[in-house]
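Thanks for coming. I will go through one model today, starting with its strands and then moving to the core.

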Amino acid sequence: MRIHHLDCGPMRPPGGALMDGVSPGLFGRLTCHCLVIETDRDGLVLVDTGLGLRDMLRPWPRLPALNAGLLRFRFDPDRTMLRRLKHLGHSPRDVRHIVMTHLDFDHAGGLVDFPAARVHLMEPETVAARRRRGLLDRMRYRPVQWGDTHRWHPYSERTGGRWFGFDAVVQLDNLPPEILLVPLPGHTAGHAGVAIETPRGWVLHAGDTYFNRAEVHAGEGASCPPGAAAYEYMMAWNAPLGRANQARLRALVRDPEAPVAVFCTHDPVEFVAMSIWSGRDVPQAADEPATAMATDAA
Ligand SMILES: [Zn+2]
């Protein structure tokens with residue numbers, strides 16, 4: 001098994017360090033941290049998809065104008081999962097499974113680019129996305145991105161599995177046992193982390209459970225940069241539940257009995273750190289977060 005870390009939705013939001021905690025100047029950097037897992041027997045498995053090719057080519061009205069305006073996505077078709085996989089030498093048909101943390105527009109945009117893949121996700125997320133009840137859900141859930149929803153494979157929260165003290169779906173259909181869904185609701189109703197046992201140890205893609213590394217990895221007294229905190233609060237389905245799950249992740253990363261590398265979707269420092277940790281796919285573009293950010297995360 002090998003994991004590639006890809007940023008399939010780079011953003012340059014106004015606010016600089018108020019958004020990411022490190023960037024000098026007017027604009028910060030946020031990532032859409034997605035994974036490509038090369039499995040031994042089950043082809044390619046994606047974790048989230050970022051923005052899709054059509055989102056990049058014609059963003060409007062596919063994407064919610066308020067969010068996309070606040071975040072200032074860099075609309076570059078070469079940064080989509082579809083094009084990045086081709087550069088890695090894979091065909092879209094090699095993607096057999098996609099495991100979703102949730103269905104927000106910045107995570108689900110590439111679903112339509114891989115129509116043959118089965119989509120694994122938590123059942124409450126499918127319910128909320130189909131209902132699109134209220135302004136927030138109509139902004140975040142964009143049915144035009146999903147393709148055929150008959151390929152969605154929802155899992156109940158009551159599966160009975162456990163992983164390092166968390167409830168977990170420990171056996172996803174037709175996927176190796178090294179890939180688990182870990183329900184972490186709060187950001188959305190059916191939000192989940194994706195745990196993967198790699199040859200180098202466990203990793204947990206925590207999705208949007210938190211937006212900045214300070215919320216989980218920093219010591220006492222550290223806080224999320226205010227711009228990121230405001231966006232996080234604006235997008236929360238249930239903010240107290242989200243904060244409770246952040247506290248559980250803080251306990252996890254401090255537990256010496258639980259050697260798990262935890263990272264979220266939008267923190268650019270964690271993206272660089274995990275790319276280096278995996279030993280591959282260190283960002284090569286000149287406008288990627290600088291190496292100094294990895295040093296900051298160490
Ligand atoms: Zn997100």
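Before the pairings, a definition: two strands pair if DSSP finds at least two bridges between them. Helices (H or I, at least four residues) and strands (E, at least two) are DSSP runs, numbered from the N terminus.

This is a predicted model: local features need pLDDT of at least 70, side-chain atom pairs count only at pLDDT 80 or more, and totals for chains, interfaces and linings use all residues. Residues are numbered from 1 along each chain as its sequence is written.

Strand S4, residues 95-99, runs parallel to S5, and three bridges join them. Within that pairing, Ile98 has Val119 of S5 as its bridge partner. On to the next pairing: S5 and strand S6, residues 152-155, are also parallel, joined by four bridges. There, His120 stands opposite His153 in S6.

Now burial. A residue counts as buried if 20 or more other C-beta atoms, placed from the backbone, lie within 10 Å of its own. Four of the five residues of S5, residues 118-122, are buried, so the strand is largely enclosed by the rest of the structure.

Next, the core. A nonpolar core is a set of buried Ala, Val, Leu, Ile, Met, Phe, Trp, Tyr and Cys residues joined through C-beta atoms within 7 Å. The largest one has 75 residues, with Leu46, Ile98 and Leu181 making the most contacts inside it. Helix H10, residues 268-278, supplies the largest share of this core, five residues.

Eight of the eleven residues of H10 are buried, so this helix is also largely enclosed by the rest of the structure. Among them are Pro268, Glu270 and Ser275. After H10 comes Gly279, with a positive phi near 80 degrees.

Methods:
A residue is buried if 20 or more other C-beta atoms lie within 10 Å of its own, exposed if 12 or fewer, and partly exposed in between; C-beta atoms are placed from the backbone.
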